[in-house]
Amino acid sequence: MGLRPAYALYALAAFAAATALCMVLSRGLDSVRWSILRRCLDSSEVCTIQLEDLPAAGGFSYAVLYSDGEAITFSADGRDLRLERDVEGAALELMLTPEMPAGDRRAFFLLGAAQLLLVPLCYGCCAVLCAAAFYRHRLAEALRLLEDASARIAAGRLDFSLRYGREDEMGRLCRSFETMRSALAENQRAMWRQMEERGRLNAAFSHDLRTPLTVLKGHAGMLLSGLPRGELTEEEVLEEVRVMSQHIDRLEGYVEAMAQLRRLEDVEVRRGPTSSRMLLSDLADTAEILRNGRDLVWTVHGEGVWNVDGEIVVQVCENLLTNAFRHSRSQVEVSVSAEGGALCVVVSDDGRGFSRRALERAMEPFYREVSGGRMGMGLHICKLLCERHGGDLSICNNAKGGGLVCASFAFQGPLLKK
């Protein structure tokens, strides 16, 4: 039940309770007032006055009112009495009530005033009790949970779950708060993953910088020590400079790779209707340039319009095709399928495949199986782009022993946070 109907029921119950309480207390006050009045009436005396002696009755004021009928109305001391006309020997009976004592008169007045105050007091108190009961049973627990959750979030502790049993407005508020906490926790985990990834990247970058820097330092020391003494020939100097130039180029490659990774962190995925024919045509043109006499087998399922970022898909697929043709012997197979809310591209070759070590580390930055080879950033960049697109990248060896890489791109869904 929602808060509004629940409060209406609480208010209705409070109104009924206030009405019943007001009636009970009013009856009780009436009973006390009547008991005071009865004490006074019990001490009254009845005085009989003959009609002919009425004018001589001292202490009484009266008026004779002649009606059109047979009755005459006498008013004596504020009391109306009716007598038959021309009744011989008629007499008047008057009840003489003594004056009420001051204490009883004060109590009688106060009890009457209390009866007047009963209505606002009863209904006001029941309204306050209604509000207190409603807060305690329908609001207090939810507010306590929200306050506790806010304190935990402020302290950076997101490893909890907010549960509230009712399906009312406070329940929806708690669920919204839980959704926010889950999003914050996911963002925090993503941030930690990125920090760990950046730490590994910096460690790999620092490790790979040592070799060219050491070589440059050695060759620079050799030139500094040999040139002044004329110990190096022109050919030897040129060879030293050539080697140093190669390692400088290598350092520039590392710096450019790091800059590219930084730019990838700022890549914004722009999903939009993309024609599968146009996308596959672009990939086929790239593959035709890279194949270099090798066979290329295409398999496509689910052609139509894909909700993807075409530039990211082409960039990843071109990188995978480049690696596949470089390591294949005679054939590369490409399978493209659009199903289950994602575009999946599988590139397989008939080369020697991934080693056991490469299966574990091939997607790490700057990983190379052969020292002195390429930067080892291709698969790492592809994985980053796939994750930015809501998908993933995985590697394995196919049944023929060659390498197989599967890249997926989600059609919908939130982008991974920075």
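Student: Is Tyr 10 buried, partly exposed or exposed?

Tutor: Tyr 10 counts as partly exposed, because its relative accessibility is 25%, where buried means under 20% relative accessible area, exposed over 50% and partly exposed in between, with a 1.4 Å probe and protein chains only. This is a predicted model, in which local features need pLDDT of at least 70, side-chain atom pairs count only at pLDDT 80 or more, and totals for chains, interfaces and linings use all residues. Residues are numbered from 1 along each chain as its sequence is written, and side-chain values use heavy atoms, leaving out hydrogens and water.

Student: And what about Phe 134, buried or exposed?

Tutor: Phe 134 is buried, with a relative accessible area of 9%. The rings of Tyr 10 and Phe 134 form an edge-to-face pair, because their centres are 5.5 Å apart and their planes stand at 85°; rings of Phe, Tyr and Trp (its six-membered ring) pair if their centres lie within 6.5 Å, and planes under 30 degrees apart count as stacked, over 60 as edge-to-face and the rest as tilted.

Student: Which cluster do the ring pairs make?

Tutor: Tyr 7, Tyr 10 and Phe 134 are linked into a cluster by ring pairs.

Student: Changing topic, what lies over the ring of Phe 160?

Tutor: The charged end of Arg 181 sits there, 5.3 Å from the ring centre, and Arg 152 lies over the face of Phe 160 at 5.1 Å from the ring centre. A charge sits over a ring if NZ of Lys or CZ of Arg is within 6 Å of the ring centre and within 35 degrees of the ring normal.
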